[in-house]
Amino acid sequence: MTQIKPIRPYPALLLRRNSERVLVVADLHMGWEVALAEKGVHVPSQTSKILNQMLQLIESRKPTRLIFLGDVKHTIARVEMEEWRDIPDFFEALGRKVSDIQIVPGNHDGNLEPLLPETVKILPSTGVVLGNVGLFHGHAWPAPELLGCRSLITGHVHPMVAFRDPMGFRITRQVWIKAECNVVLLAKSLLERLGIKVDANADPATLLHDHFKVRLRTTQLFIMPSFNEFLGGQPINQRSLGKDVRSRAFIGPILRSGSINIDDAETYLLDGTFLGTVNQLKALG
């Protein structure tokens, strides 16, 4: 059994299984400052701050492995000069503390591999299984074997909640999302994506087992906040969300599949404060 423990007040998780301690973070987006500068907004590089936070977590939690859940870099297809400079130094510094470093690539991680030390392992974008937990970035469908895990953990969304007062003043805060998952509906959507026909009389659970030897077990989905606190995100309590799951406001195929109960999802601040469900927070957004 893999234990899932948020590390308060950081946007990071510690997964514990036997003697293994896995530190998980998502969405660093190193080099995002360059994109802002191109729009006339100049912000100092946040890489050193992110590195210091990672080193503090490593020192306090003593992980045996690091997993980066996608979008390590910001530019999607190309590599900026700042990324060439910062990313190798970042991972070399971490590698001196933790020898086992893995990356599940996200949609922003094109051409990432040349920037990494040889000791850093790139995993499939469809995710990885750690005991009864499946981890993937969220921009792509997970591998079928992840549906055999009780819990799924993803990034990609940069979830936030928005609060607006009667005068119209608006603030946002990063949040964790814990949502129920209809795994049968998710399996049906995944099978159709893989080109396997699911007719009205077919049982998605049986089909998934027949094709991939996977028994459906997923009951919940955790969405991680971005580790780069300066990034924008998706205010999940917007009133427009929830009306049409096919909307582009739902980021990633799993959310658009309709298998995740977003309205009744629980929201938590980084310090662990329970804010209520997404539906309850819509009145404040």
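Modeller: Let us begin with burial: a residue is buried under 20% relative accessible area, exposed over 50% and partly exposed in between, using a 1.4 Å probe and protein chains only. Helices (H or I, at least four residues) and strands (E, at least two) are DSSP runs, numbered from the N terminus. This is a predicted model, in which local features need pLDDT of at least 70 and side-chain atom pairs count only at pLDDT 80 or more, while totals for chains, interfaces and linings use all residues. Residues are numbered from 1 along each chain as its sequence is written, and side-chain values use heavy atoms, with hydrogens and water left out.

Colleague: How many helices and strands does the protein have?

Modeller: The protein has seven helices and 15 strands. Of its 285 residues, 52% count as buried.

Colleague: Which residues of helix H4 are buried?

Modeller: In H4, which spans residues 183-193, the buried residues are Val183, Leu186, Ala187, Ser189, Leu190 and Leu191. Their cover includes strand E9 (151-154), helix H5 (204-212) and helix H6 (253-256). Glycine 195 follows H4 and has a positive phi, near 85°.

Colleague: What is phenylalanine 163 in contact with, beyond its neighbours within four places in sequence?

Modeller: Contact means heavy atoms within 4.5 Å. By that rule, phenylalanine 163 is in contact with Phe169, Arg170, Ile171, Arg173, Leu275, Leu281 and Leu284. Phenylalanine 163 lies in strand E10 (residues 159-164) and is partly exposed, with a relative accessible area of 22%. Across the protein, among contacts between residues at least 6 apart in sequence, 66% join residues at least 24 apart.

Colleague: How many disulfides does a search of the whole structure find?

Modeller: A disulfide is a covalent bond between the sulfur atoms of two cysteines. The criterion here is a pair of cysteine sulfur atoms within 2.5 Å, and the search of the whole structure finds zero. Cysteine 149 is buried, with a relative accessible area of 2%, and cysteine 181 is buried too, at 11%.

Colleague: What classes of residue form the lining of the largest pocket?

Modeller: The lining has nine nonpolar residues (Ala, Val, Leu, Ile, Met, Phe, Trp, Tyr, Cys and Pro count as such), three charged (Asp, Glu, Lys and Arg) and one polar (the others, Gly among them). Strands E1 (3-6), E11 (170-180) and E14 (266-269) each supply at least two residues of this lining.
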